[in-house]
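Open the model in your viewer and keep the sequence panel beside it. Each stop below says what to select and then what is there.

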Amino acid sequence: MVAIVVLIVVIVVVGAGGYGALSSISGSGTTTKSSCQPASICAPPTTLNDVKLYTPYTPGYGQTTASVAVGSPLPMTVSLTGGEIASSFNVAWGDGTTTTQSTGTFTHYYGQLGTYLINATAVVGGVTHTGTNSYFPIRVTQSLTNLTFGYFPTLVTTFTNATGGVYPWVAAGGSVNVSATYTVMPSAAGWTPGAPSLSSSGGTQSGLKSSATSVSATYTFSNPGFYTITMKGPTANSTATLYQDYTWSVDVLAANALVPSCSLCAAPTAKSPHPGQIDAVEVGGPPIGGTDPAYDYDTVGDEPIMNVFQTLVSYNGTQVGANYQSYVPTLSTCVPGSPQCTSLYGNDLVVNNTAVGGPEYWTFPIDPHARFYDPTTGQPQPVYPSDVMFSVARAIAYSTVPGPGYYNGWILAQSLLPNGNPAWDGGLHSPYNNTPQNILGSMLVNDSQYCPATAMSENGCITFNVWGGGLAWPNFLQLITDPLGGSVEECSYYVGLGAGLPGWTSAGANQACKLPGGFTTTNSTAWRSYVAGLSSTAYDAAEISAGSNYPAATPQTRTVAAGSGPFYLVSASFSIGYTMKANPYYVQPVGCAGNPACQPAPGTYANTVNVQWLLSDQQSIADYQAGFADVAGIFTSHASTEIALQQKGLIGILQAPTTDIAFMMPNLQINVPGLKLIDPQSTNIQANTFAYVGLRDFLAASFPYATVQNTLNTVLGLNFASTYAGYFPQYLGNIYPNGNTAVLSQFPNYNTSTGQFENPSTNPNQNHSAAWWWAQITNPSSPVYDPQFGAGGYTASNPLIFPLIGEIGATTLDATFKIWIPLISTLSGGVIQPTTFDLSFSQLGANIAAPGQTALDFWVLAWAADYASPWDFAIPMLLPDGTYSGPNAYYETLSQQQFGGNYNSASCVNSGATLANETYWASVSMIPTDCQGVVYNLTVAMVHDANSNANLAQSTQEYQLSDAIFTLMGFNVPDGQTNAVFTYAPWINPSSVNTNLILSGGIADIVWYQMSGNGVAA
């Protein structure tokens, strides 16, 4: 849930993913028998018990079975420990399929949930070999895509055999017990699960117990063989029925059969060398912003924020939907819209707009037990609705400077504020009209029309008028859950530091703030008169100061914090890292106690957390080798070291997909003097070189997608990233245009027949190939002709030289550039000869500036989702003046034509913002250079419509078409969607690691108070 500027190194390393097999193990080694002549009459080895399975998936502390998600690759290597040469290897996967091949390296994909027993054999000289180490149980969990859809209930299963074990094998005559229970109902509206049922391929059932949400039974097996038990779990809406089935495979062993060895699946027993303390090394460097949730907007700073502060509601496990089922209450006593609110207060605390319908007023009663902790005074203070109002007011006050997406305030501002007028007050209050009247008027404190009397008698309520832009925002829970902008700060602490807003005062440290004007409620005509009488420019000075101080709106709060969460911030240093300790006044939220997704009870998590921010992974490796670090990041360039550490039992590896995407972006109006100051080489690029759409498309089409995916994103069989296209990733519900040929055909080097991304083609007759684009931009008759490569322009003897700017530590990206640069030169006949250099994450952030002032020409960064919608990616990457579209001057160059050029030709057809026109431009072969502004304006309008369109099918289509147009405009070169690989010490329980794909970039940030293991909370 953090659509933020993402540290590339952290994405690639701390969270990169997909594990593959070590092919070198297959058939490793031979034994020379000089006494055997000829070889064909040699006797088989004295033992046939020498087949061994290997997979990098292993159970962590507290687990008994390794796991993999449905649809994810499970690599498996089969070898013979005796050194023989096998003619074939065979793997039975436990799901009814068996693979036979001549090599020992396998990959399997499971299509259904279950716990499966994998068994391998090998054939040597016609004799079948097996072994006690040739068995491996695997638990197949729900896929992230299915979790995102929210159609299925959360399913918890159990399995035990007759001896009390958890492994799926039993002697003939033995029995097993299975159960399945729905614990959380589907989050998607209209979907209801049916009662689960059980069936088996054999054995005798007894002790069946069933209900609408659970089923259990015992199965006894008299005869040896391989059996399956299946739980069938239907879920349906008014038009369709889906099934979330779960299968257990059971191997019933004969009396003389080899008994599988549990050593392959035993959990680690190591204990923390520093009980009660977590020591971590995070590679990639410090945050851009800091630890103030009102403005920080990067994954690195978000990590301490989410551990120190609390939001009103939090995500319910891995669910990321817009409905109440995806959330648990945190500072709020219940989730608005939920039956829990109705039970507590008599209504669900969501009130629709009376004129047109749609949810408008959302009320959150404040937990009376919650306490802030001020580390400077050591004193607590209750949390009040005035603290919530203050925190949100700060965030949305900073939402427009230097532009939307620079700070995090736009996330809530879009839903709370009316649209602004860019022609008024110097454009300071645009696109969101964040004048004091609108900011204060968007929230109600202790308003008796919305706040129940019971809540009013405790700590009161905050009510949000969610009608930003004159539209309902039914996904408001997704927005308010984000720790960046949605975290609640202690008002008196920040006012005392001089980091408040005009009108906000405090009687002193740890004293509750009143509302501006000294009010305690907004439920009075005096308050309304006070707000109406405020100057519309009263916040201007604070907003301008915030913009000039980017990336720290209030520098005095950059490395300090006062929140109500499980930890408090002891210290933070950009040159070292940060330290947290358990908040002595923290209490578990009352509204979610007993829910596994609830924040923990005091005393059940680590007392101290020490995190170092480093640019190198050498200390990570050394700390793991010494058995010291709990968590540490390892670069992809050291993947072999990572595997070696895992094989020695020194680390565990957890993988999970994310919505983090990396991309390279062309700047349409480069600050060339500034670029020359940071470029260690010479460049002859012009400020508007990338304003020509054909050149951008040529560069995107020249990218070696297949090579990068197969040789760089996949390292020693580890798949660290997947190729994506456009401006938003997969796992955003059904929005992603998989299978939409009309859209995918516009993506560079995508083969719609094979469904694969390919390397650039040298065939100028192949539409959208790199050679085709080069022919277009060098043809004076083409609509995308680029005069820079015409007479008197760049030639092979006077080539265009410009840098591809990478990031220090992003070794995969450096390797990518080494492959890509020669291709660009070759495909252009030597006319374009890029160079490259790297900047640190902080240096990249420091060089991000206003349109026309950014000294980065073709640069790389990344984005992780704030919430599961393409809109969250459109704001920074496509819409005017976003985090990336702003520095790259899309709107100013193409729409406003501030820097010259003609991009809004009157001759451009299909210029109105209609679905038909969007379809037209998404389907053309190329967008003429002089129509770029027309198409850009149309696309921006259609994306706005998609965000508010109640017709979900049409909204999906609008997003898909905008993705295709974005691609045709050549606004980025996708550099991969992260598959996260997370390493941890053997005493850490991997199930306690945050893998929510939205919360803080998925696995990139760590929820330290969730982390458990052997000695972690001692």
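The tour goes from the nonpolar cores to a helix, then to charged side chains, aromatic rings and a loop glycine.

**Before starting**

This is a predicted model, in which local features need pLDDT of at least 70 and side-chain atom pairs count only at pLDDT 80 or more, while totals for chains, interfaces and linings use all residues. Numbering runs from 1 along each chain as its sequence is written, and side-chain values use heavy atoms, with hydrogens and water left out.

**Stop 1: the cores**

Select Phe 464, Phe 698 and Trp 1008. In the largest nonpolar core, which has 205 residues, these three touch the most other members. A nonpolar core here is a set of buried Ala, Val, Leu, Ile, Met, Phe, Trp, Tyr and Cys residues joined through side-chain atoms within 4.5 Å. Buried means under 20% relative accessible area, exposed means over 50%, and partly exposed lies in between (1.4 Å probe, protein chains only).

Which helix gives the most to this core? Helix α26, residues 932-948, does, with eight residues. Helices (H or I, at least four residues) and strands (E, at least two) are DSSP runs numbered from the N terminus.

**Stop 2: Phe 698 and helix α17**

Now select residues 693-701, which form helix α17. Nine of its nine residues are buried, including Arg 696, Asp 697 and Phe 698.

Show the surroundings of Phe 698. Leaving aside neighbours within four places in sequence, Phe 698 is in contact with Ala 770, Trp 773, Trp 774, Ile 777, Ile 824, Leu 827, Ser 828 and Ile 832. Contact means heavy atoms within 4.5 Å.

**Stop 3: the salt bridges**

How many salt bridges does a search of the whole structure find? It finds three. A salt bridge is a side-chain nitrogen of Lys or Arg within 4 Å of a carboxyl oxygen of Asp or Glu.

Select Asp 245 and Lys 232 for one of them, with 2.9 Å from N to O. Asp 245 is in the loop between β20 (241-243) and β21 (246-253), and Lys 232 is in strand β18 (residues 225-232), 13 residues apart. Asp 245 is buried, at 11% relative accessible area, whereas Lys 232 is partly exposed, at 37%.

Next select Asp 292, Arg 394 and Glu 489, which are linked in a network of salt bridges. Between Asp 292 and Arg 394, the closest N and O atoms are 3.0 Å apart. Asp 292 sits in the loop between β22 (277-283) and α3 (299-308), and Arg 394 in helix α5 (residues 385-397), 102 residues apart.

Arg 394 also bridges to Glu 489, again with closest N and O atoms 3.0 Å apart. Glu 489 is in the loop between α10 (483-486) and α11 (491-496), so this pair ties together parts 95 residues apart in sequence. Relative accessibility is 0% for Asp 292, 0% for Arg 394 and 0% for Glu 489.

**Stop 4: Asp 447**

Go to the loop between β29 (443-445) and α8 (453-456) and select Asp 447. Asp 447 is buried yet has no salt bridge, and Arg 528, the nearest side chain of opposite charge, is 5.3 Å away. Lys and Arg count as positive and Asp and Glu as negative, with His and the chain ends not counted.

What lies 2.9 Å from a polar atom of the Asp 447 side chain? The backbone nitrogen of Gln 449 does. Not counting residues up to four places away in sequence, Asp 447 touches Met 456, Thr 522 and Asn 523.

**Stop 5: aromatic rings**

The whole structure holds 52 aromatic pairs. Rings of Phe, Tyr and Trp (its six-membered ring) pair if their centres lie within 6.5 Å; planes under 30 degrees apart count as stacked, over 60 as edge-to-face and the rest as tilted.

Select Tyr 406 and Tyr 550. Their ring centres are 5.4 Å apart and their planes are at 80°, so the pair is edge-to-face. Both Tyr 406 and Tyr 550 are buried.

For a cluster linked by ring pairs, select Phe 690, Phe 703, Tyr 705, Tyr 750, Phe 757, Phe 802, Phe 817, Trp 820 and Phe 858.

**Stop 6: Gly 852**

End in the loop between α22 (841-846) and β43 (858-865), where Gly 852 is found. Gly 852 counts as buried, at 13% relative accessibility. Beyond four places in sequence, Gly 852 touches Gln 669, Asn 671, Ala 889 and Phe 899.

Terms used. A polar contact is a pair of N or O atoms within 3.5 Å; within protein, one must be able to donate a hydrogen and the other to accept it, and residues adjacent in sequence count only if both atoms are side-chain atoms.
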